[in-house]
Amino acid sequence: MNDIFERELTKETVFKDRNVISPHHIPDNLPHREKEIEKIMKVLAPSLSNKTSKNLFLYGKTGTGKTSVAKHVLSRLIQVKDKYKVTVDAVHVNCRIQNTKYQVLLKMVEYCYPEQEFIGYPFAHLHDKLIKYIDKTKTNFIVMLDEVDKNGNLDDLLYTLTRINDEVQNGQLILIGITNDVSFKDRLDPRSKSTLCEEEMVFPPYNADELKEIIEQRIKTGFKEDAVSKSAINLAAAMSAQESGDARRALILMQKAGDVADDEESKKVTDNHVKIARESVEEEIVYETIKTLPEHQKILLYGIAQLTSNTGHYEKLDGSIDKKTLMSGQVYERYESLCKSRGKEPKTARWCREYIHDLDMLGLVTTNISGKGVRGNTTLIKLAYPEDKVKKVLEEHFT
Ligand SMILES: Nc1ncnc2c1ncn2[C@@H]1O[C@H](COP(=O)(O)OP(=O)(O)OP(=O)(O)O)[C@@H](O)[C@H]1O
Ligand SMILES: [Mg+2]
């Protein structure tokens, strides 16, 4: 048995440093985001002379570099602040984790007073502490609200944070909101919108050439010399660009392709390894996403998968029938009956529309509004993955 350990440890590998290929790694240099970096630097530059800086809103699809770019700019700002003799602080808040006003403030206050313990203190105390800190240290305090759409009560949070600016004599709070929900801005309360979107930027998906360069940059340090064929890189870039323009996904694909090559004891990553890797990447992403859905979204998706495999039909205006396209009404009915059979109270139809929007955002379904006229406006829903696979994953992960 020990031979297995021995063999694993001494196995030949195509990687020089596998971690570099991981999407968790943020390189010092971000190709094809120079324009975005420059624009954010311009927006934040006034803080280096203690002048009022505008809040900033960044949006764009997943894996387009929003988080990496924002972190990159903030670290450059922190590096130069001493030269300008100003205080600049920056904290990264992930609203998926810090999803209440209290938790956001707690994270900020903990950053200001790293020696002290604040858990359990009332909100007003944290608020007070934060104001005192900003005032006293005259800090330009930048708060990066990442995945801001996940915050439970954003209007309230934004109100609280912007009020702090009215209460301090010195220093300021600057907000950077980030989301991959491209329609989120339009759903914001008008006041929140004008607060957060003083400046805004869209991050477009990467095209194949851009992804190629991003991959190549990582390959230099992550893989051994000549371990990846040119055509494998081209293929991975082209596939990822066509699917989503998502750099994270392109990198996961390359990492997996390297693993496949290692498993086959090949010295070089080829097109074929990329193709094999793609299937497992796809599966893994879908699987992970479905597994972590909230209960009611699971039920809804299950209903969609069931309908797709039997009764789903949508008669097109030309009379042809698309068997896999569903209408929102029929989906809601199925969802209601599934809730009942599971002993759950169904949510309202309005909630259901929101859920469908979320499933669309996650890429699990695609939605379209049917043309006006014949049937009025109804949302048409189509499952993005094979129904049998979706059902199977859900059956394994219902609570
Ligand atoms: N221009 C780039 N150059 C090099 N690597 C990049 C670039 N853009 C993205 N990446 C890589 O892709 C990963 C994902 O990017 P990032 O987390 O910034 O995306 P995001 O837009 O914040 O996505 P999400 O909306 O899912 O949070 C990064 O960790 C980094 O490894
Ligand atoms: Mg991000």
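This briefing covers the domains, sheets and helix packing of the structure above.

The model is predicted, and local features need pLDDT of at least 70, side-chain atom pairs count only at pLDDT 80 or more, while totals for chains, interfaces and linings use all residues. Residues are numbered from 1 along each chain as its sequence is written, chains are lettered from A and ligands numbered from 1 in the order in which they are written, and side-chain values use heavy atoms, with hydrogens and water left out.

**Domains**

- The protein chain splits into domain 1 (34-203), domain 2 (206-290) and domain 3 (295-397); the bounds come from an automatic or database domain assignment.
- Between the C-alpha centres of domain 1 and domain 2 the distance is 34 Å.
- To the contact of these two, domain 1 gives 4 residues and domain 2 gives 5 residues; contact means heavy atoms within 4.5 Å.

**The sheet of 5 strands**

- Strands (E, at least two residues) and helices (H or I, at least four) are DSSP runs, numbered from the N terminus.
- In the order β2-β3-β4-β1-β5, 5 strands form an open sheet with parallel pairing; two strands pair if DSSP finds at least two bridges between them.
- The edges are held by β2 (87-94) and β5 (199-203), each with a single partner strand, so one side of each has no neighbour in the sheet.
- On average, neighbouring strands of this sheet are turned by 15 degrees against each other, direction ignored.
- Over 8 bridges, β2 pairs in the parallel sense with strand β3 (residues 139-146).
- Phe 141 in β3 is the bridge partner of Asp 89.
- Helix α7 (residues 154-167) lies across β3 and β4 (172-179) and runs at about 155 degrees to β4. Angles run from 0 to 180 degrees between N-to-C directions, and axes are lines fitted to C-alpha atoms, for helices over the stretch in contact.

**The sheet of 3 strands**

- A second open sheet has 3 strands in the order β8-β10-β9, with antiparallel pairing.
- Its edge strands, β8 (325-327) and β9 (365-369), each pair on one side only.
- From one strand to the next, the twist averages 30 degrees.
- The antiparallel pairing of β8 with strand β10 (residues 379-383) runs over 3 bridges, and Leu 326 stands opposite Ile 381 in β10.
- Helix α14 (residues 295-309) packs on this sheet and touches β8, β9 and β10. The direction of α14 makes about 80 degrees with that of β10.

**Helix pair α3 and α4**

- Helix α3 (residues 34-44) packs against helix α4 (residues 66-80) at an angle of about 50 degrees, with the axes 10 Å apart.
- α3 and α4 are therefore oblique to each other; angles under 35 degrees count as roughly parallel, over 145 as roughly antiparallel, 65 to 115 as roughly perpendicular and the rest as oblique.
- The crossing of α3 and α4 is right-handed. A crossing is right-handed if the near helix is turned clockwise from the far one by less than a right angle, and left-handed if anticlockwise.
- Contact residues include Ile 37, Ile 40 and Leu 44 of α3, and Val 69, Val 73 and Leu 77 of α4.
- This contact of α3 with α4 has 8 nonpolar, 1 polar and 2 charged residues. Ala, Val, Leu, Ile, Met, Phe, Trp, Tyr, Cys and Pro count as nonpolar, Asp, Glu, Lys and Arg as charged, and the others, Gly among them, as polar.

**Helix pair α5 and α6**

- Helix α5 (residues 101-112) and helix α6 (residues 123-137) have axes 9 Å apart and pack at an angle of about 40 degrees, so they are oblique to each other.
- α5 and α6 make a left-handed crossing.
- Among the contact residues are Tyr 102, Leu 105 and Val 109 of α5, with Phe 123, Leu 126 and Tyr 133 of α6.
- The contact of α5 with α6 divides into 10 nonpolar, 1 polar and 2 charged residues.

**Helix pair α14 and α15**

- The axes of α14 and helix α15 (residues 328-341) cross at roughly 120 degrees and come within 9 Å; the two helices are therefore oblique.
- α14 passes α15 in a right-handed crossing.
- The contact includes Ile 299, Gly 303 and Gln 306 of α14, and Arg 334, Tyr 335 and Leu 338 of α15.
- By class, the contact of α14 with α15 has 9 nonpolar, 4 polar and 1 charged residues.
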